[in-house]
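Q: Please go through this model with me. I would like to know what each label rests on.

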Amino acid sequence: MANTENDGAEAPPKRSKMPLILGVVGALVLGGGAFFALYSGLILGGGAEKSHSAGGKPSKTNDSMLGSVAFVPIAPMIISLGPESQRRHLRFQAQLEVTPAYQQEVTLLMPRVLDVLNSYLRAVETAEFERPTALITLRAQMLRRVQLVTGQDRVRDLLITEFVLN
């Protein structure tokens, strides 16, 4: 009779834990790989880039990059905004990052640069200035216009040093 009781209440077969173990190991490997890719700079330009070599001295690549940069200041500008704006004026000042070989040429073209920036900033709708991403968008637009005036390879970047709405 003991056999008849066991036949009716069979225990369910034991499930394998292998998929769970493989899932945990896979997650650890992928997480470690993602950390390494971010830390080493393979993704997003990374934080592991050091400006100094192991000996504590600046690296040669950093020295050569610093020597090949010149800045050309843009005169401060005050732009009147439209009558529908609550703020009446924009104070703007910036510097152009250029290759030292082109510094003199860009300085000579500064009246044209001022003209194109002044024309662009006056044409921007006042609602654009209120957006959180306005400075990023305006900077990119202004850099593109300056590069068209000066030549593609002369101006590397536009560095905004003052942007105040009054």
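Q: Why is Val 155 called buried?
A: The relative accessible area of Val 155 is 1%. Buried means under 20%, so Val 155 is buried. Val 155 lies in strand 3.

Q: What does Val 155 touch, apart from residues up to four places away in sequence?
A: Val 155 touches Leu 96, Glu 97, Val 98, Val 106, Leu 143, Val 146, Gln 147 and Thr 150. The C-alpha atoms of Val 155 and Val 98 are separated by 4.6 Å, although the two are 57 residues apart along the chain.

Q: What kind of model is this, and how confident is the predictor in the protein chain?
A: The model is predicted. The protein chain has a mean pLDDT of 81, and 77% of its residues reach 70 or more. Confidence is highest in helix 4 (residues 103-108), at a mean of 94, and lowest in helix 3 (residues 60-67), at 54. Over residues 46-56 the pLDDT is below 50, and this stretch has 14 contacts in the model beyond near neighbours in sequence. Where pLDDT is low, the predicted coordinates should not be read in detail.

Q: Which elements make up the protein chain, and in what order do they run?
A: The protein chain has 7 helices and 3 strands. From the N terminus the order is α-α-α-β-β-α-α-α-α-β.

Q: How do you know whether Gln 147 is buried or exposed?
A: The relative accessibility of Gln 147 is 11%. The limit for buried is under 20%, so Gln 147 counts as buried. Gln 147 is placed in helix 7, and its contacts outside four places in sequence are Gln 152, Val 155 and Arg 156.

Q: Why does Ile 79 count as buried?
A: Ile 79 has 0% relative accessibility. With buried set at under 20%, Ile 79 therefore counts as buried. Ile 79 is found in strand 1. Setting aside residues up to four places away in sequence, Ile 79 touches Arg 88, His 89, Leu 90, Phe 92, Asn 118, Leu 121 and Arg 122.

Q: What makes up the largest nonpolar core?
A: This core has 27 residues, and those with the most contacts inside it are Ile 74, Phe 92, Leu 96, Leu 117, Leu 121 and Met 142. At least two residues each come from strand 1 (70-80), strand 2 (89-98), helix 5 (110-123), helix 7 (134-150) and strand 3 (155-165). Helix 5 supplies the largest share, 6 residues. Beyond four places in sequence, Leu 117 is in contact with Ile 74, Met 77, Phe 92, Met 142 and Val 146.

Q: What makes the pair Arg 91 and Glu 162 a salt bridge?
A: The N to O distance between the two side chains is 2.7 Å. The cut-off is within 4 Å, so the pair qualifies as a salt bridge. Arg 91 lies in strand 2 and Glu 162 in strand 3, so the pair ties together parts that are 71 residues apart in sequence. The structure holds 5 salt bridges.

Q: Why is Glu 162 called partly exposed rather than buried?
A: Glu 162 has 21% relative accessibility. Buried needs under 20% and exposed needs over 50%, so Glu 162 counts as partly exposed. Arg 91, at 33%, also counts as partly exposed.

Q: How do you know that Asp 157 and Arg 139 form a salt bridge?
A: The closest N and O atoms of Asp 157 and Arg 139 are 2.4 Å apart, and the cut-off is within 4 Å. Asp 157 lies in strand 3 and Arg 139 in helix 7, so the pair ties together parts that are 18 residues apart in sequence. Asp 157 is buried at 18% relative accessibility, whereas Arg 139, at 31%, is partly exposed.

Q: Why is Val 25 called partly exposed?
A: The relative accessible area of Val 25 is 46%. Val 25 lies in helix 2 (residues 18-40). With Met 18, Ile 21, Leu 22 and Val 29, Val 25 forms a nonpolar patch on the surface, with about 490 Å² of accessible area together.

Terms used. Residues numbered from 1 in each chain as written. Predicted model: local features only at pLDDT ≥ 70, side-chain atom pairs only at ≥ 80, totals over all residues. Heavy atoms only, no water. pLDDT = per-residue confidence, 0-100. Helix = DSSP H or I, 4+ residues; strand = E, 2+ residues; numbered from the N terminus. Contact = heavy atoms within 4.5 Å. Patch = residues over 30% accessible without salt bridge, like charges linked within 9 Å, V, L, I, M, F, W, Y side chains within 5 Å. Areas by Shrake-Rupley, 256 points an atom, 1.4 Å probe, with all protein chains shown as cover. Buried < 20%, exposed > 50% of the residue type's maximum accessible area, 1.4 Å probe, protein only. Core = buried A, V, L, I, M, F, W, Y, C linked by side-chain atoms within 4.5 Å.
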